[in-house]
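Please consult the sequence and the structure shown here alongside the text.

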Amino acid sequence: MRLRQSPAVGKPSGSAGLTENQSIGIDLGVKTFAVMSNGEKAVSPDYSKQDRKIRKLQRKLARQQKDSKRRNRTRIKIAKSHNQIADTRKDFLHKLSTIVVSENQTIILEDLNVSGMVKNRKLARVISLQGWREFRFLCEAKSEKLGRTFHVINRWEPTSQVCSDCGFKWGKLDLSVRSVLCLNCGTEQDRDENAAKNIEMVGMGHRHDLKRTLSDCKTTSVARCCEPSRITDLLGR
């Protein structure tokens, strides 16, 4: 199990940069399973091949005659594919949670509304495969076992809407926007890494003075996708 270091941080790959007695905020996502506040990223295994196989078998199952031997064989194949995905995910989550908990004194996650997210038909299947709830459970259980501190912050905290450097609030962003240029301090923030840093700050009780920051700034606080000077896409560069 290896964690990828963000290019912006400039440290080598792996978890060598982590030390005990430090706090870490973790932003969970789909494309990148976990982005840490220290710049490291953990990418989940690719379940797409097995998932396509399951969907194909399910369509085949729907056409087969009930109580037939062929239908029963197809049903067993579907069950085995589900078990393979579950075993791969469980192994990944156990290894990642062990690394995170063993190398950090305080672990902070965001309370995600998973049941609400899966209502999005385009993302429901992908979100269901990630195992966010299981990861949270594992981190919480291992933190208690090793004497670590585990926090979960409120889901309504605007972690992706606030600059982690100066506290300027730029407002809601479209999911396609992966990088934001802060108008207040001029720092270009990676969306996920910025959210992870804010999760850590909120969990540790540190907050930016948003009222002061907003009153001092002469620009509008809401970022719009049509403004390339403010919002940039790192992947498109």
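The model is predicted, with local features needing pLDDT of at least 70 and side-chain atom pairs pLDDT 80 or more, while totals for chains, interfaces and linings use all residues. Residues are numbered from 1 along each chain as its sequence is written, and side-chain values use heavy atoms, without hydrogens and water.

**Whole chain**
- The chain holds 7 helices and 9 strands (DSSP runs of H or I, at least four residues, and of E, at least two, numbered from the N terminus).
- Of the 237 residues, 43% are buried (under 20% relative accessible area, 1.4 Å probe, protein chains only).

**Helix 1 and helix 2**
- The axes of helix 1 (residues 48–63) and helix 2 (residues 69–102) come within 9 Å and cross at roughly 160° (axes are lines fitted to C-alpha atoms over the stretch in contact; angles run from 0 to 180 degrees between N-to-C directions).
- Helix 1 is therefore roughly antiparallel to helix 2 (angles over 145 degrees).
- Residues of helix 1 including I54, L57 and L61 meet residues of helix 2 including I78, S81 and I85 (contact means heavy atoms within 4.5 Å).

**Helix 2 and helix 5**
- The axes of helix 2 and helix 5 (residues 132–146) come within 9 Å and cross at roughly 40°.

How values were computed. Angles under 35 degrees count as roughly parallel, over 145 as roughly antiparallel, 65 to 115 as roughly perpendicular and the rest as oblique. Buried means under 20% relative accessible area, exposed over 50%, partly exposed in between (1.4 Å probe, protein chains only).
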